[in-house]
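Work through the exercises below with the sequence and the model side by side. Try each task before you read the solution that follows it.

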Amino acid sequence: MARQASSRGTGLLKAALLLFFLLAVALPLAGMFSRLADPQVREVFGTQAFATACVNSLVVAAAATAISVPAALVMSWVLCRTAIRGKGVFAVLLTVPMLVPSLAHGMSLVYLLGSNGMLTNLLRGSWSIYGFAGIVLGSFLYSFPPAFLMIYDVMRYEDATPYQVADVLGIPKASQFARISLPFLKRPLISATFATFALVITDYGVPLMVGGKVMTLPVLMYQNAVGLLDFDAGAAIGFVLLIPAAIDFLADLLARDSASARYVSREFDLKPSAARDAVGYVAAVLVTLALLAPIASFCMVSFVTKYPIDLAPTLANVGRALTMGTGSYWVNSLFIALVVSILGTILAYLVAYVTARVGGVSARLLHLASVTTLAVPGIVLGLSFALAFRGSPIYGTFAILILVNLVHFIASPYLMAYNSLSKVNGNLEAVGQTMGVGRVRIVLDVLVPATSDTIAEMFSFFFVNCMVTISAVSFLSTTLDMPLALLVTDLDAQRLVECSAFVSVLILATNVAEKVVVAALRRRRHAQTSVSQ
């Protein structure tokens, strides 16, 4: 009887989760792309503006990818294959740009390299940061950290045995890198390349701030859908933006490393080498400065009297920003991020439990539905929600912002939970049934404590991304529920650059605080576990 009740409950859970993905993902996208059946909508593809934006997007994405991925490979090598000190610090600093919106990266380049930028005045330059150069540089700042994490996370688990054999055989280090390292990293490099390309080509934050006259597809879509309320043109462009994201998803699916490649048989014995470590320090310092200098620029601009005329330090900008509504918008973002983090973590964990430990045809469908959300750019998802839910009770409320963020970011936390739950003994449920222990008790008493670190990572992923996202929410927010990240462009458009910079600093500080709190809670739990053992 208890087994039947458990089976019935699991079946209801599967049905509810499938219904969620149907209503929140499949139907909005299907409704948006059904507009392509209208010949007038397809006429967008034949316009000069579309053709120009398409070429610009491809060129910018290719250039940014050609910079970000090699730089990520170099920094992964430095942190994994040299004996430099402070590797942990460098690894953290290299991911700091992920804690601010892409709008802030474009804005910071203006502060540094604009016509009145700090470096421009210091070097007495006459260049213009607006256009291709600005978009590529900003896209590098935005896309480097994810590419670095994808490569670094694989390289640090590489087995040292082949290299030790190569040393015995007298094979030069350069040949070892070409014949051992690159083949080992082939799949992660392919994944990082496609992911970076898709990330850049679907971002509108950087080109919106520094694009100048260079129009990209996301900016064209944004201007049509938000500025001109031409949702048909936005749907057509959204369909095109879905293509590189879908290719990235398929490439990542095909190139995903096997689990056995992630285990270390023998760790590297990194002995000091003056020449190698000197190169490592130089590379680490240069890349870190390139990533942090723009962030330092808007941190400085936040507390000057009037940039660039009067650089005297002041706190007046904080008060002025608060009078412009920064405080209420920060509360909006904090509320959205916390709710999405809690609900998203629970939802992703439930889906992962069903797919990793229950199985069945419906479980495979759930897995497919969860991972395919990776192939939907935020700007496309946001527009599909605007079209699907316009006129509904949740439109123009916090509920739709929470829902779109939850759908937008669920794939990665789901995969985290799926991988962790797959590694736990698969016989737990069978043993529990024999002893009369239900699935709920096994989840709460065994699986959740065993995967607590993963749950913390899932929560943090949702939180940080909700704080920095601009793509999905830009079509759905109102003046009452607008997230803080969208205030960056509003204040910048009013030439309140100091207040705009302070907003970016506030987002950065919030995300850093969240990371610190989560890390402290994890350390505390580990300490309690150690004491109890």
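**Exercise 1: A pair of strands**

Strand E1 (residues 304-306) and strand E2 (residues 310-313) pair in the antiparallel sense over two bridges; find the residue of E2 that is the bridge partner of Val304, and say how many residues the hairpin uses to join E1 to E2.

Solution. Begin with the ground rules: this is a predicted model, in which local features need pLDDT of at least 70 and side-chain atom pairs count only at pLDDT 80 or more, while totals for chains, interfaces and linings use all residues. Residues are numbered from 1 along each chain as its sequence is written, and side-chain values use heavy atoms, with hydrogens and water left out. Helices (H or I, at least four residues) and strands (E, at least two) are DSSP runs numbered from the N terminus, and two strands pair if DSSP finds at least two bridges between them. With two bridges, E1 and E2 pair. The partner of Val304 in E2 is Pro313, and the hairpin from E1 to E2 runs through three residues.

**Exercise 2: A helix with a bend**

Where does helix H14 bend, and by about how many degrees?

Solution. First take the length: H14 (residues 274-301) has 28 residues and spans 39 Å from its first C-alpha to its last, close to the 40 Å expected at 1.5 Å a residue, where the expected span is 1.5 Å times one less than the number of residues. Next look for the bend, which is the angle between axes fitted to the seven residues ending at a residue and the seven starting there. H14 bends by about 30 degrees at Leu292, and the proline Pro294 follows within four residues. Finally, consider the cover of the side chains, where buried means under 20% relative accessible area, exposed means over 50%, and partly exposed lies in between (1.4 Å probe, protein chains only). The buried residues of H14 include Gly280, Ala284, Leu291, Pro294 and Phe298.

**Exercise 3: Salt bridges**

Which residues are linked with Arg522 in a network of salt bridges, and which parts of the chain do the pairs tie together?

Solution. A salt bridge is a side-chain nitrogen of Lys or Arg within 4 Å of a carboxyl oxygen of Asp or Glu, and by this rule the count comes to nine. Arg522 forms one with Asp453, with the closest N and O atoms 3.6 Å apart. Arg522 lies in helix H25 (residues 497-532) and Asp453 in helix H23 (residues 452-468), so this pair ties together parts that are 69 residues apart in sequence. Arg522 also forms a salt bridge with Glu457, with the closest N and O atoms 3.9 Å apart. Because Glu457 lies in H23 and Arg522 in H25, the second pair ties together parts 65 residues apart in sequence. Asp453, Glu457 and Arg522 are therefore the members of the network.

Now check their accessibility: Arg522 is partly exposed at 26%, Asp453 is partly exposed at 25%, and Glu457 is partly exposed at 37%.

For a further pair, turn to Arg81 and Glu158, whose closest N and O atoms are 2.4 Å apart in a salt bridge. This pair links distant parts of the chain, with Arg81 in helix H3 and Glu158 in the loop between helix H7 (132-155) and helix H8 (161-168), 77 residues apart. Arg81 and Glu158 are both buried.

**Exercise 4: A nonpolar patch**

Solution. Patches are made of residues with over 30% relative accessible area and no salt bridge, with like charges joined within 9 Å and nonpolar side chains (Val, Leu, Ile, Met, Phe, Trp, Tyr) within 5 Å; accessible areas come from the Shrake-Rupley method with a 1.4 Å probe, and for residues only the protein chains shown count as cover. Phe45, Ile190, Phe194, Phe239, Ile243 and Ile247 make a patch of about 460 Å². Helix H10 (186-201) and helix H13 (231-255) are the elements that give two or more residues to this patch. With three residues, H13 gives the most. Ile190, which lies in H10, is partly exposed, with a relative accessible area of 31%.
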